Amino acid sequence: MDAKQVLEFARKNNAQLVDLRFTDIPGIMHHVSYPISELTEESFEEGFGFDGSSIRGWAAIHESDMLLVPDPATAFMDPFSETPTIVMYCDIIDPITRQHYERDPRWIARKAEMYLINTGVADTAYFGPEAEFFIFDNISFDQREHCGYYYIDAEEGRWNSGRRENNLGYRPRYKEGYFPVPPTDHYQDLRSQMVRVMQQCGLEVECHHHEVATGGQAEIDLRYAPLLRAADNLMLYKYIVRNVAYRAGKTVTFMPKPIFGDNGSGMHTHQSLWKNGQPLFAGDGYAGLSQIAMWYIGGLLKHARALSAIIAPTTNSYKRLVPGFEAPVNLAYSRRNRSAAIRIPMYSASPKAKRIEFRPPDPSCNPYLAFAAMLMAGLDGVLNRIDPGPPLDKDIYDLSPEELRGVPAMPASLDEALDCLEEDHDFLLKGDVFTEELLETYINYKRKNEAEAVRLRPHPYEFALYYDI
């Protein structure tokens, strides 16, 4: 849609409010609402003023005036608002220079797409994220000077099997929750409601299902889309999933590892490059891949440890990225091995379906930054013809210690990941897609507010280990 079409769309849907949304550096969506009378054709050029100083990782107080400029292509009617409301995602513009704000994640995603075109390698990068999540019935947590705890409950959680009252059984066993039918799958109808709302908002859904873990782990797969659109779609996906669950008296989390001893939630990300409407990853090489695809894999593997700070950006991410549970910690590629960081799906022989699946990302990431960073790593591989080496088609858990030592691995902590990003980020600076200032801000924020904050606090399990020492 363009500006005129958005105004007509709002009129046809009797919109009373316009809701403008944008994303901070950690990946949380923010919004501000205006009466629909404030939205005119000029709004799409002039924007709406707001104070950016209170947004995490953004401007200092002396340079806080910013503009929200709505993108008409993102318009949809909010399915949850009682007052008819049209929603648009916005770009952040400096009101003085009229330039894009360099810390706006959406602008970084736009720049990555522009850089791709400028390289001449391709004109479109398609991304298809598979974001997993948990559906719980109750969550409580607190952290104070003298105590710290969390308590999760889910009607579907296997831990409730011994409950004496109001217990009908039918719960997935730990690590056995993949594809059970109802009543063991408690949330078929709830996920179907989520899908219907997604379709109502213009998202293309491919399928939904229960995931491996007990306690309501789920996955809804969106159809692939160009990079920026895919990131916009994922933000809308999260908004819909949370709100449908909330209306049903449930709560959703995209934390990578909320339950000890069971599978965590990943966001396997399918990627492919196209040019002039033709797929570039199909060929006659390993697993039906082209040379360009192999170089792209080489770039992802070379920079995977640095990427981890952006694609698996929380301390909790590294509770998931541990050996076992099909965790993709091994920096290798394979057409069948799900513990490898990159898998080549073999479901279809069609050249248009040929893609690579990068498995370390999780849904706690900011999709604008994560997709842009993955594209930049892959392009670095293509432009520098980085050889990914031989595939790893063996069962990694059957490898000898000597063989396993030869397979590099993802970082084991957020601190280590941030160190890797500090050491290896030149590939992100190409085309001014990321800037040194943005990366420095990101690393400092993550160190101080997350890694260091968690490291300073006693862990409940430390009392079990050390109280009587």
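I looked first for charges over rings, counted when NZ of Lys or CZ of Arg is within 6 Å of the ring centre and within 35 degrees of the ring normal. Lys 238 places its charged end over the ring of Phe 254, at 5.2 Å from the centre. Arg 21 lies over the face of Tyr 239, and here the distance to the ring centre is 4.2 Å.

I note that this is a predicted model, in which local features need pLDDT of at least 70 and side-chain atom pairs count only at pLDDT 80 or more, while totals for chains, interfaces and linings use all residues. Residues are numbered from 1 along each chain as its sequence is written, and side-chain values use heavy atoms, with hydrogens and water left out.

Aromatic pairs. I searched the whole structure and got 14 of them. Rings of Phe, Tyr and Trp (its six-membered ring) pair if their centres lie within 6.5 Å; planes under 30 degrees apart count as stacked, over 60 as edge-to-face and the rest as tilted. One of the pairs is Tyr 126 with Trp 274, edge-to-face, with 5.6 Å centre to centre and 85 degrees between the planes. Tyr 126 is in strand β7 (residues 124-136) and Trp 274 in strand β14 (residues 267-275), so this pair ties together parts 148 residues apart in sequence.

Phe 133 belongs to strand β7 and Tyr 237 to helix α5 (residues 227-247), and the two are 104 residues apart.

Phe 133 counts as buried because its relative accessibility is 0%, and Tyr 237 counts as buried at 1%. Trp 274 is buried too, with a relative accessible area of 9%. I also found that ring pairs link Trp 274, Tyr 126 and Tyr 224 into a cluster.

Backbone. Where is the cis peptide bond? I found it joining Pro 182 and Pro 183, with omega about 10 degrees. Pro 183 lies in the loop between β9 and α4 (188-200).

I then checked for positive phi. Ala 287, not a glycine, has phi near 55 degrees. Ala 287 is in the loop between β15 (278-279) and α6 (291-311), and counts as buried because its relative accessibility is 6%. Arg 385 has a positive phi of about 50 degrees and is not a glycine either. Arg 385 sits in the loop between α8 (367-383) and α9 (401-405); its relative accessibility is 60%, so Arg 385 counts as exposed.

Helix α3. I read off 15 residues (105-119) and a reach of 21 Å from first C-alpha to last, close to the 21 Å expected at 1.5 Å a residue. The expected span is 1.5 Å times one less than the number of residues. Its buried residues include Trp 107, Ile 108, Tyr 115 and Leu 116, and also Arg 106 and Lys 111.

Methods
Helix = DSSP H or I, 4+ residues; strand = E, 2+ residues; numbered from the N terminus. Buried < 20%, exposed > 50% of the residue type's maximum accessible area, 1.4 Å probe, protein only.
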